Amino acid sequence: MIGASTDPSERRRAELADNLAGVRARVADACAAAGRDPASVALIAVTKTYPASDVALLAGLGVTDVGENRDQEAAAKAAAVAAAGATVRWHFVGQLQRNKSRSVVGYADVVQSVDSVRLAAALAEAARRHRPASRPPLDVLVQVSIDGDPARGGALPDAADPDRGLWPVAEAVAGTDALRLAGLMAVAPLGWPPESAFDRLAAIAARVRADFPGATLLSAGMSADLEAAIAHGATHVRVGSALLGMRSTLR
Ligand SMILES: *Cc1c(COP(=O)(O)O)cnc(C)c1O
């Protein structure tokens with residue numbers, strides 16, 4: 001093709017630019033359909049399994065927020081991106097083991113996947129001891145289980161469970177100076193129509209905001225279902241494959 005670059009990095013940049021334009025158009029259309037300002041929905045590029053060079057290219061294309069779901073991969077990538085001179089906000093969106101808290105508070109700006117009182121306590125302790133004093137309190141989103149299945153991730157909105165109940169988790173995050181309760185995150189359960197999943201999530205988020213007025217962020221919607229999430233009030237969409245391409249592994 002005449003004009004197509006043979007430089008692999010330039011080709012990747014063009015591909016990411018195309019994908020980004022497509023995702024931004026989907027977000028804009030969904031906002032128009034919902035009567036929302038497109039500026040009210042932030043895009044998080046979920047770059048898991050993709051290299052730091054892709055994060056740097058995305059940053060060059062105007063992406064400001066990046067999501068990762070494994071600590072080891074995220075820590076290395078954050079260091080490489082910083083070394084390359086790019087600045088992005090890092091969102092940790094994966095299941096987090098308490099013993100990884102110390103590492104995560106070193107690079108994450110937001111942890112979206114806090115779903116137990118014990119994890120909130122570990123993260124607060126790690127933030128107090130290991131987060132540079134120059135950085136603001138760590139933003140936390142409490143991950144909510146929309147279907148209330150305790151076998152999977154997410155705090156349980158209708159359970160009195162003292163460790164996994166949504167209210168105990170929100171109180172644990174809100175009750176420490178080391179963390180800031182910024183809102184909620186959720187993934188639509190497998191097999192659920194996204195419309196009903198995010199409708200239920202919106203109702204849960206409204207109840208949480210009534211008790212915790214600062215918890216205004218709602219991270220919901222991925223490549224397959226961002227329109228439904230935006231229709232139900234998502235302030236952040238987490239988009240991986242539609243931006244970067246299909247991953248070879250199921251994560
Ligand atoms: C991988 C992942 C995403 C992005 O998923 P895509 O379907 O690739 O857009 C969003 N959120 C979380 C928690 C993820 O693990």
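**Pockets, core and ligand**

Q: What kind of model is this?
A: This is a predicted model.

Q: OK, pockets. What volume does the largest pocket have?
A: About 1500 Å³.

Q: How many residues line the largest pocket, and which lie nearest its centre?
A: The lining has 42 residues. Nearest the centre are Lys48, Asn69, Val187, Met222 and Arg251.

Q: How does that lining of the largest pocket split by class?
A: It has 17 nonpolar, 13 polar and 12 charged residues.

Q: And the second largest pocket, what volume?
A: About 200 Å³. It is lined by 14 residues, with Gln95, Leu96, Asp115, Ser116 and Arg164 closest to its centre. By class, the lining of the second largest pocket has 4 nonpolar, 4 polar and 6 charged residues.

Q: Switching to the ligand. Which residues surround it?
A: Val46, Lys48, Val93, Met222, Ser223, Arg238, Val239, Gly240, Ser241 and Arg247.

Q: What does the side chain of lysine 48 do there, in distance terms?
A: An N or O atom of the lysine 48 side chain sits 2.7 Å from an oxygen atom of the ligand.

Q: How far is the ligand from glycine 240 and arginine 247?
A: For glycine 240, a polar backbone atom is 2.8 Å from a ligand oxygen. For arginine 247, a polar side-chain atom is 2.8 Å from a ligand oxygen.

Q: Now the inside. How many residues are in the largest nonpolar core?
A: 72 residues. Val111, Leu166, Leu184 and Val237 have the most contacts inside that core.

Q: What does leucine 166 touch, leaving aside neighbours within four places in sequence?
A: Leucine 166 contacts Val142, Val144, Ala155, Leu156, Pro157, Leu184, Ile204 and Val208.

Q: Which residues does the second core include?
A: That separate core has 5 residues, including Val93, Val110, Leu141 and Met185. Val93 is also among the residues surrounding the ligand.

Notes
Residues numbered from 1 in each chain as written. Predicted model: local features only at pLDDT ≥ 70, side-chain atom pairs only at ≥ 80, totals over all residues. Heavy atoms only, no water. 1 Å grid on protein atoms, 1.4 Å probe; cavity = no way out; pocket = protein on both sides within 12 Å on 5 of 7 lines; lining within 4 Å. Points joined across faces, edges and corners; volume = space filled by probe spheres on them. Nonpolar A, V, L, I, M, F, W, Y, C, P; charged D, E, K, R; others polar. Core = buried A, V, L, I, M, F, W, Y, C linked by side-chain atoms within 4.5 Å. Buried < 20%, exposed > 50% of the residue type's maximum accessible area, 1.4 Å probe, protein only. Contact = heavy atoms within 4.5 Å. Near = heavy atom within 4 Å. Polar contact = N/O pair within 3.5 Å; in protein donor to acceptor, adjacent residues only side chain to side chain.
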